[in-house]
Amino acid sequence: MASSNKKIEVILDDQTPNKWCVSLGEETYKRFISMANPIVHKVFGDGSLFSPMLFGKFFDPSDAFPLWEFESDVLLSHLRNSNKSTVDWHHTDEGYILKAETPGNGKNNIQVHVDKGKVVEISGPWKQQRDLKANDWKCGHWWENGYVRRLEMPEDADWKNIQAFIYNDIFLEIQIPKFQKGFDHAQGKGVA
């Protein structure tokens, strides 16, 4: 079976930065997941990049998490031991790589935004809105209509050159290059 690889547009300036402003509290999450169908468990369940319990304790996916400050083997060890991990990341001298299984059908619903050059946001709808005119995120809870994970980028991330790919409409890969040595971040150009 051949693998399909599709590039996803990375939007460098999120025009709706407050769309995820309604937080998902731990008690609300527990109530939500207890009444959920299998699709919700796939989106927010153990091992999913979008699970509030991904990092071993409750963490609102709409908050920015400093992912790159932790070693993935340590942070996700409890999920790896139970074979539930569907997310992985690592870094090399050239950059950072995030790989995750995504809910839904990949390219048609996944969005990657960079917020002010400091946060990479991975999101998308997982459920169709009942009323097509009710497209105002302020009137509902984001977790009932979509999924999100916001990750703080390291200071050496070259955020203007982020690339995102979807493989077989399921697996997301985000490549964040590091600034090259001798690069003046403030001026955006090489230095002698």
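Which residues have the most contacts inside the largest nonpolar core? Select Phe 44, Leu 98, Ile 122 and Ile 174: they have the most contacts inside that core, which has 45 residues. A nonpolar core here is a set of buried Ala, Val, Leu, Ile, Met, Phe, Trp, Tyr and Cys residues joined through side-chain atoms within 4.5 Å. Buried means under 20% relative accessible area, exposed over 50% and partly exposed in between, with a 1.4 Å probe and protein chains only.

Before you click on, note that this is a predicted model, where local features need pLDDT of at least 70 and side-chain atom pairs count only at pLDDT 80 or more, while totals for chains, interfaces and linings use all residues. Residues are numbered from 1 along each chain as its sequence is written, and side-chain values use heavy atoms, with hydrogens and water left out.

**Stop 1: Phe 44.** Show what surrounds Phe 44, skipping residues up to four places away in sequence: among the residues it touches are Trp 126, Trp 142, Trp 143 and Tyr 147. Contact means heavy atoms within 4.5 Å.

**Stop 2: strand β7.** Now select residues 119–125, which are strand β7; 6 of its 7 residues are buried, so the strand is largely enclosed by the rest of the structure. Strands (E, at least two residues) and helices (H or I, at least four) are DSSP runs, numbered from the N terminus.

Two strands pair if DSSP finds at least two bridges between them. Look for His 113, whose bridge partner in β7 is Glu 121. The β6–β7 hairpin has 3 residues between the strands, and Lys 116 takes a positive phi near 55° there. Then bring in β8 (residues 146–152), antiparallel to β7 and joined to it by 7 bridges.

**Stop 3: Ser 123.** Is Ser 123 buried or exposed? Its relative accessibility is 0%, so Ser 123 counts as buried. This residue is in β7 and stands opposite Val 148 in β8. Beyond its neighbours within four places in sequence, Ser 123 has contacts including Lys 19, Trp 20, Asn 109 and His 113.

**Stop 4: strand β9.** Select residues 163–167 for β9, which is joined by 4 bridges to β1 (residues 5–8), running antiparallel. Ala 164 in β9 stands opposite Ile 8, and its bridge partner in β10 is Ile 174. That brings you back to Ile 174 from the core.

**Last stop: the whole view.** Zoom out to 5 helices and 12 strands, with buried residues making up 42% of the 192 residues.
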